[in-house]
Amino acid sequence: MEIKIERAKTLKQKPDQNNLGFGKYFTDHMFMIDWDQDQGWHDARIVPYGPIPMDPATMVLHYAQETFEGLKAYRNPNGDILLFRPEMNARRMINSNKRICMAELPEEMFVEAVEAIVKYEQDWIPTAPNTSLYIRPVTFATEAGVGVHPAKSYKFVIILSPVGNYYPEGVNPVKIWVEDEFVRAVKGGTGFTKCGGNYAASIAAQVKAEQNGYTQVLWLDGVHRKYVEEVGTMNVMFLINDTVVTAALEGSVLPGVTRDSIIHILKDWGYKVEERDLSIDELMEAGRTGALKEAWGTGTAAVISPIGELCYKGEKVTINGFETGELTQKLYDTLTGIQWGRLEDKYHWTKLVK
Ligand SMILES: *Cc1c(COP(=O)(O)O)cnc(C)c1O
C-alpha cells in the first residue's frame with residue numbers, strides 16, 4: 001500500500017506521562033483511507049490530526065453505520081515498539097463491518113496501516129510504567145443521503161492517544177452493578193461487533209450504575225435477563241471453586257482479544273475453563289457460600305480489572321474481601337509482562353514494529 005504523507009506544520013506539546021488518564025490526548029497525525037464502489041480502497045494517507053468535514057446528511061450521523069477497534073502499542077525495555085495480536089483486531093473489524101454491511105479493510109492493509117501510523121508517531125509512545133499508545137481505528141459511512149440502505153462510500157481512520165490506567169483507581173477491585181432492566185445485546189443482533197450503536201444502547205445503564213455508586217455494569221442476556229454476559233466494555237470471568245467460568249461466544253458477547261489470551265494462559269497453566277451459560281442465581285449463590293473466589297473483567301483498555309463487589313436486585317456480595325485475588329494478579333502480571341516485553345513471549349503474540 002502506498003501511503004502519502006502530509007506533515008503537520010506545528011507539533012503539539014506532549015502531555016505529562018504520569019497524568020495521561022485515558023483517551024484525553026491525541027497525537028499530531030492520523031491515518032486515513034477511503035472506499036467507494038468504483039475504486040475500492042484508495043488514497044491511503046497520513047495527515048495532520050484534525051476535523052473531518054461532513055455533509056449534515058452523512059449517513060453515519062443518521063443510521064450509525066460505524067465500527068471501531070481498540071489496541072495498543074507498547075515500548076519494551078529495549079525501546080522497541082510492540083503491538084499485541086493486531087491481526088485479531090483486523091479480523092474482528094472485518095466481522096463487524098460484514099454485520100453492519102460496510103466495506104471491509106483487508107487484514108494485511110489494516111495491520112500495515114496500524115504499523116505505519118504508530119511508527120510515524122512513535123515519539124508519542126509513553127515510557128512511564130503502565131502507559132501505552134492506544135490505537136483507535138474506525139470505519140464509517142460517508143455517503144450523504146437520507147434513507148436506510150448500505151452507504152456507497154466509507155472512510156477508515158486511525159487516531160492515537162497516549163494513555164495511562166483506564167480506571168482512576170488503577171488495578172484495584174471495582175464495584176459492579178448487575179443490570180436487570182436494560183440489555184446490551186441479543187443473539188441475532190450486533191453484540192459480537194464493535195459497532196457504535198452497541199455503546200449508545202449501553203450508556204443509560206452505565207449512568208444508572210454510577211448514580212448508585214458503582215463503576216461498571218454486569219450485563220445479563222437480552223432474552224431471559226438471567227445469564228451473565230459481559231461487564232461494561234469487558235469480557236468477564238469468575239473463579240468458582242477451582243474452575244474459571246465465562247460466557248460462551250454465541251453472538252451477543254464481544255470476542256475479546258484479551259479474553260482469548262487469558263483463556264489460553266489459564267489452560268496452559270492447567271486451569272479448567274468453562275465457556276458456558278452462568279445464571280446470575282448460580283453466581284450470587286456462589287458469592288454467598290464463598291465458592292466464588294475471584295472475578296475479573298478482561299479488555300485491552302483496562303487489561304484485567306478485579307471485581308470486588310456485585311449488587312443484584314439490592315443484594316450485595318463481596319468477592320475475596322474486596323482484595324485483588326491471587327490468580328487475578330498473576331494473570332495481570334503475566335499478560336502485561338508479555339505486552340510490554342518484560343516477559344518471554346512464548347505464545348508469539350507480540351509483533352515488532354520495524
Ligand atoms: C472491546 C470490548 C471488549 C474487550 O475486547 P478486547 O479485544 O479484549 O479489548 C469486551 N466487551 C466489549 C463490549 C467490548 O467493546
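This is a predicted model: local features need pLDDT of at least 70, side-chain atom pairs count only at pLDDT 80 or more; totals for chains, interfaces and linings use all residues.
The chain is assigned two domains, domain 1 (4-163) and domain 2 (174-339).

**Around H42**

- H42 is found in strand β3, which covers residues 40-48.
- Is H42 buried or exposed? H42 is buried, because its relative accessible area is 19% and the cut-off for buried is under 20%.
- If you skip residues up to four places away in sequence, H42 touches I33, D34, W35 and D36.

**A loop residue: N19**

- N19 sits in the loop between β1 (4-5) and β2 (29-36).
- N19 counts as exposed, because its relative accessibility is 52% and exposed means over 50%.
- Leaving out residues up to four places away in sequence, N19 touches K24 and Y25.
- How far apart are the C-alpha atoms of N19 and I135? They are separated by 18 Å, and the two residues are 116 residues apart along the chain.

**Charged pairs**

- Side chains of opposite charge can pair when their charged atoms come close.
- How many salt bridges does the count come to? The total is 19 salt bridges.
- Take R45 and D43: they form a salt bridge whose closest N and O atoms are 3.7 Å apart.
- R45 is buried, with a relative accessible area of 15%, whereas D43 is partly exposed at 36% relative accessibility.
- E69 and R92 pair up too, with their closest N and O atoms 2.7 Å apart.
- E69 lies in the loop between β4 and β5 while R92 is in helix α2, so this pair ties together parts that are 23 residues apart in sequence.
- E69 counts as buried at 0% relative accessibility, and R92 is buried as well, with a relative accessible area of 7%.
- R91 forms a salt bridge with E107, and here the closest N and O atoms are 3.0 Å apart.
- What does the pair of R91 and E107 tie together? R91 lies in helix α2 and E107 in helix α3 (residues 107-120), so the pair links parts that are 16 residues apart in sequence.
- R91 is partly exposed at 41% relative accessibility, and E107 is partly exposed with a relative accessible area of 23%.
- Some salt bridges share partners, and in this way K4, D34, D43, R45 and K155 are joined into one network.

**Where the domains meet**

- The centres of domain 1 and domain 2, taken over C-alpha atoms, are 27 Å apart.
- Contact between them involves 21 residues of domain 1 and 22 residues of domain 2.
- The area buried between domain 1 and domain 2 is about 1,800 Å², and carbon and sulfur atoms give 61% of that.
- Which three residues supply more of the area that domain 1 buries against domain 2 than any other three? They are F84, R92 and R99, which supply 34% of it.
- The count between domain 1 and domain 2 is one salt bridge.
- R85 forms a salt bridge with D260, with the closest N and O atoms 2.9 Å apart.
- Across the interface there are also eleven residue pairs in polar contact.
- On the side of domain 1 that touches domain 2, the elements giving two or more residues are β4 (66-68), β5 (71-75), β6 (81-84) and α2 (86-99).
- Which element gives the largest share of that side of domain 1? Helix α2 does, with six residues.
- By type, the residues on the side of domain 1 that touches domain 2 divide into nine nonpolar, six polar and six charged.

Definitions and conventions
Residues are numbered from 1 along each chain as its sequence is written. Side-chain values use heavy atoms; hydrogens and water are left out. Domain bounds come from an automatic or database domain assignment. Contact means heavy atoms within 4.5 Å. Buried area is the accessible area (1.4 Å probe) that two parts lose on being put together, summed over both. A salt bridge is a side-chain nitrogen of Lys or Arg within 4 Å of a carboxyl oxygen of Asp or Glu. A polar contact is a pair of N or O atoms within 3.5 Å; within protein, one must be able to donate a hydrogen and the other to accept it, and residues adjacent in sequence count only if both atoms are side-chain atoms. Helices (H or I, at least four residues) and strands (E, at least two) are DSSP runs, numbered from the N terminus. Ala, Val, Leu, Ile, Met, Phe, Trp, Tyr, Cys and Pro count as nonpolar, Asp, Glu, Lys and Arg as charged, and the others, Gly among them, as polar. Buried means under 20% relative accessible area, exposed over 50%, partly exposed in between (1.4 Å probe, protein chains only).
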